[in-house]
Amino acid sequence: MKIITTEQVQSSLHFAELIPLLKQNFAKPFYMPQRQVHELAPEDSTNHDALAVLPAWNEEVIGNKVFTYFPENAALHKIPGLYSKIMLFRRETGEPLALVDGTSVTYWRTAAISALASQLLSRENSQHLMLFGTGNLAAYLLHAHISVRKLTKITIWGRSASKVQKLINEFSRLYPNISFYTSLEVDQEIPHVDIICCATGAKTPLFNGELVAQGCHVDCLGNHRVDARECDSNTVIKARVFVDSLTNTLNEAGELLMPIEEGVFNANAIVGELADMCKQPEILRQTEEEITLFKSVGTAVSDLVSAYLVYQKVS
């Protein structure tokens, strides 16, 4: 059995290969039981430490990702808040194949799924991306979205001006044909954006849904809590809504659960999940004017496909 490190993951994955591979695998048969997220101190409403287990399998490989989430680690211990490992087994025999670094795989697959959803739902002539968030995922998301759309302008919003500027400096050098800007006034910027990508820990909406322009594609991936959301009910009501997994989003995503509780949205209005999007192109964007929303909380099958690709590369 192989032990696959962060460095091997980073050297093995490329969005030009990973994004179409994910699309291909979501269109094939796979099995993905509902993931289990266990709060480690359920009696304490202020403690969000958690353990999660995410199994999945397809015709080739079985996988199980286990991760721990300790959001106070950075402040209290100056270490990351998320640790993750993915176990892979041969589908035919159950033989252990590898233990793969799950943290780096998660960054890659999360960004790849976000970009895949944009490739399927955003207008092909989309040019202006607005990214909310400057955390560990930000650079991955920028590379991924640039790989699927001919973007000419990217606006970055973040709570840390220095992190925003660092991203702008880095990506301006890498992509000189794209103009990068710091977000200064969200309400003035949102009406002119083609793609909105939210990857934050925000507990309340990041922008006013009334200001989202016709034809915009909105992607919310940062929140996994029922009592938080990155977009408001107005955004959900205005959009044709898609999700990565119906089971998981309707169990975890405040972006959908809150408007459902308010009585302004119904789960039956969700057009489809990512597997449907990859198999049924007729359900995708219908007009240039419609707003689309993709809400994701992460899927075990995307971990499975990404980790197995790394295993194949290093074997």
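Which order do the strands of the open sheet of eight strands follow, and with what pairing? The order is β9-β8-β7-β10-β11-β14-β12-β13, and the pairing is parallel. Two strands count as paired if DSSP finds at least two bridges between them, and the elements themselves are DSSP runs numbered from the N terminus, with helices being H or I of at least four residues and strands E of at least two. The model is a predicted one, in which local features need pLDDT of at least 70 and side-chain atom pairs count only at pLDDT 80 or more, while totals for chains, interfaces and linings use all residues. Residues are numbered from 1 along each chain as its sequence is written, and side-chain values use heavy atoms, with hydrogens and water left out.

At the edges of the eight-stranded sheet sit β9 (179-182) and β13 (272-273), each pairing on one side only. On the β13 side, strand β12 (residues 239-243) runs parallel to β13 and is joined to it by two bridges, with V243 having E273 in β13 as its bridge partner. Helix α5 lies across β7 (128-132), β8 (153-157), β9, β10 (195-198) and β11 (217-220), at about 165 degrees to β7. Helix α6 (residues 161-174) lies across β8 and β9, and runs at about 175 degrees to β9. Axes here are lines fitted to C-alpha atoms, for helices over the stretch in contact, and angles run from 0 to 180 degrees between N-to-C directions.

Then there is the other open sheet, with six strands in the order β1-β6-β5-β4-β3-β2 and mixed pairing. Its edge strands are β1 (2-4) and β2, each of which pairs on one side only. From one strand to the next, the twist averages 15 degrees. Strand β3 (residues 50-57) pairs with β2 (residues 36-39) in the antiparallel sense over four bridges; across that pairing, H38 stands opposite L51 and Q36 opposite V53. Strand β3 also pairs with β4 (residues 61-69), again antiparallel, over eight bridges, and A50 has Y69 of β4 as its bridge partner. Three residues separate β3 and β4, which form a hairpin. In a regular strand the side chains alternate between the two faces of the sheet. In β3, A50, A52, L54 and A56 make up the covered face, whereas L51, V53, P55 and W57 are on the uncovered one. Helix α4 lies across β4, β5 and β6 (96-101), at about 90 degrees to β5.

The axes of α2 and α4 come within 9 Å and cross at roughly 70 degrees, so the two helices are roughly perpendicular to each other, the label for 65 to 115 degrees (under 35 is roughly parallel, over 145 roughly antiparallel, the rest oblique).

How values were computed. Buried means under 20% relative accessible area, exposed over 50%, partly exposed in between (1.4 Å probe, protein chains only). Contact means heavy atoms within 4.5 Å.
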